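The following note sets out points on the structure shown below. Each point takes up one topic and may be read on its own.

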Amino acid sequence: MAGCVSKVELSVSCQSLLDKDLGSKSDPLCVLLQDLGGGQWAELDRTERIKNCQNPEFCKKLVVDYYFEKVQKLKFGVYDIDNKSFDLNDDDYLGGIECTLGQVVSSSVFTRPLELKQGKPAGQGTITISAEEIKDTRVVYLEVEAQNLDKKDFLGKSDPFLEFYKQSDAGTWQLVYRSEVIKNNLNPCWKKFSVPLQTFCGGDFNKPIKVQCADHDSDGSHDLIGTFETTLTQLQKGDSSPVEFECIHPEKKQKKKSYRNSGIIRIKSCKIETEYSFLDYVMGGCQINFTVGVDFTGSNGDPRSPDSLHYISPDGINEYLIAIWSVGSVVQDYDTDKLFPAFGFGAQVPPDWQVSHEFALNFNPSNPYCQGIQGIVDAYRQILPQIRLYGPTNFSPIINHVARFAAHSAQQGTASQYFILLIITDGEITDLDQTRQAIVNASKLPMSIIIVGVGGADFKAMEFLDGDNGVLKSLTGEPAARDIVQFVPFRQFRNAPREALSQTVLAEVPKQLVSYYKWQGWPPVKPPEVKIM
């Protein structure tokens, strides 16, 4: 398995963006895509959206795994966001660039003109990207409040927000965190937040940090309330008891002799913790257990007919088999015993021809394990002529089946086992409400669910389960503890290289695994040796 050499953090800013909004400036966001080959691009990350700004300096860093041995083609796209949907297709495109990660990391600052399409410049717009390797896995957690801030608004109080800047080696200030805005409040208490130590101060506890408090205005012309400089060493004193800083407005201080301050900023707590990565868990002994669920419902069509989704072509493949191979071949590297349980659902099975929603592909319910991915493929080919495709399409039994194993593993209280369920389906789900509940229950367990939709059906229900457009809730309104479902339609990858499908469906798994163990507060079984940079 090719190991990622290191993680690289990209800082993005733009100048002179096109103005697409009538009566106000654009509200830009930058998205980062990586080339998967075959004309397919996958989103890696995106920045926050900044309101009313043609020269944005984005606070959220874009994080990329850097592989020396791969040409990693990247695409940066800047969009004017005027709605709440995650999808960017309905937003105005302000321009983009294509480049390689190698180009970015080998330039200290990489600036290019934005293009609307190849050879067509996006006005005077430019994008600047700078890269920094993330060498430190420690994270700074801060809780900050303020008292007696200056009133800046004519009719109400101020709407304060905070910005933290670190001093670069060149002496310039670089934004590392921007808080939420608290409306109409001169004694705000901001949400607890975290910033990677490397981002916050380059790992240097004595590097100057500038903290700025400003009054938010919706037109983008924020008014400075006050500012102060400090270091992480000083902020850390807030770990035992709160540390207070006077918020000073430089111009007011110069003009008025009696001026004291524009408010007090208080650091309620400042803690530094280690954040573990996916590779820390895997290398620390976490096994990834892979289970496959195959849809054998009647809507797939008679497997003997060439227009059936289960028809095996003369060259020995169909979409079900390609999905099993492409996802399984990546996941199997993380499982030492290479024994994979594989199930079918929605068919009548011998000898009594009852419909089953979780039958072992090898017809051995007490030992449903197949040897390697080839074992799953062989079992699938053998079972096809022996069952009758039927219905309905129920997902919840197989999700609950894997969840029972995950729950048993979670009782051990260690990061030793994680479960991935791959469901391959033609998309017509019958037990949507029970499946929603099963996913919400499973979101509290060490498991992820990947759904690959084969054929040409309408996959609206699958996209709903994916939860990308908001948190999935059960019928009773209980929200999922974390997003554990990744859905992709196979048809998007029909002409792409095999690895494109697996890269897309498995892209979320490392984040999902880490988010579960972080939520539980479980370190790797064998934590990495701490190397202080």
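1. Aromatic rings. Rings of Phe, Tyr and Trp (for Trp, its six-membered ring) form a pair if their centres lie within 6.5 Å; planes under 30 degrees apart count as stacked, over 60 as edge-to-face and the rest as tilted. By this rule there are 19 aromatic pairs. One of them joins Tyr-516 and Tyr-517 edge-to-face, with 5.3 Å from centre to centre and 70° between the planes. One aromatic cluster is made up of Tyr-276, Tyr-281, Tyr-418, Tyr-516, Tyr-517, Trp-519 and Trp-522. Both Tyr-516 and Tyr-517 are buried, where buried means under 20% relative accessible area, exposed over 50%, and partly exposed in between (1.4 Å probe, protein chains only).

2. Basis of the values. The model is predicted: local features need pLDDT of at least 70, side-chain atom pairs count only at pLDDT 80 or more, and totals for chains, interfaces and linings use all residues. Residues are numbered from 1 along each chain as its sequence is written, and side-chain values use heavy atoms, with hydrogens and water left out.

3. Charges over rings. A charge sits over a ring if NZ of Lys or CZ of Arg is within 6 Å of the ring centre and within 35 degrees of the ring normal. Arg-46 meets this rule over the face of Phe-86, at 3.7 Å from the ring centre. Likewise, Lys-210 has its charged end over the ring of Tyr-165, 5.5 Å from the centre of that ring.

4. The second largest pocket. On a 1 Å grid over the protein atoms alone, a pocket is an open set of points where a 1.4 Å probe fits, with protein on both sides within 12 Å along at least five of seven lines; lining residues have an atom within 4 Å of a point. The volume of the second largest pocket is about 480 Å³, a volume being the space filled by probe spheres set on the points, which are joined across faces, edges and corners. Its lining comprises 22 residues, and those nearest the centre are Ile-50, Phe-161, Glu-163, Arg-178 and His-222. Two or more lining residues come from each of β10 (160-167), β11 (173-178), β13 (209-215) and β14 (223-230). Strands (E, at least two residues) and helices (H or I, at least four) are DSSP runs, numbered from the N terminus. Strand β10 gives the largest share of the lining, three residues.

5. Composition of that lining. The lining of the second largest pocket has nine nonpolar, five polar and eight charged residues. Here Ala, Val, Leu, Ile, Met, Phe, Trp, Tyr, Cys and Pro count as nonpolar, Asp, Glu, Lys and Arg as charged, and the others, Gly among them, as polar. Domain 1 (6-134) and domain 2 (138-274) each supply at least three residues to this lining; the domain bounds come from an automatic or database domain assignment.

6. Backbone features. Most residues other than glycine have a negative phi, and most peptide bonds are trans. The bond joining Pro-350 and Pro-351 is cis, with omega about 5°, and Pro-351 lies in the loop between β19 (347-349) and β20 (354-356). Trp-353 is found in the loop between β19 and β20; its phi is positive, about 55°, although Trp-353 is not a glycine. Trp-353 is partly exposed, at 30% relative accessible area. A cis bond also runs from Gly-391 to Pro-392, with omega near -5°, and Pro-392 is placed in the loop between β23 (388-389) and α8 (396-410). Lys-338, a residue other than glycine, has a positive phi near 55°. The loop between α6 (319-331) and β18 (339-345) holds Lys-338, which is partly exposed at 26% relative accessibility.

7. Asn-318 and Thr-47 lie 271 residues apart in sequence and 39 Å apart, C-alpha to C-alpha. Asn-318 is in the loop between β17 (287-295) and α6 and is buried, at 6% relative accessibility.
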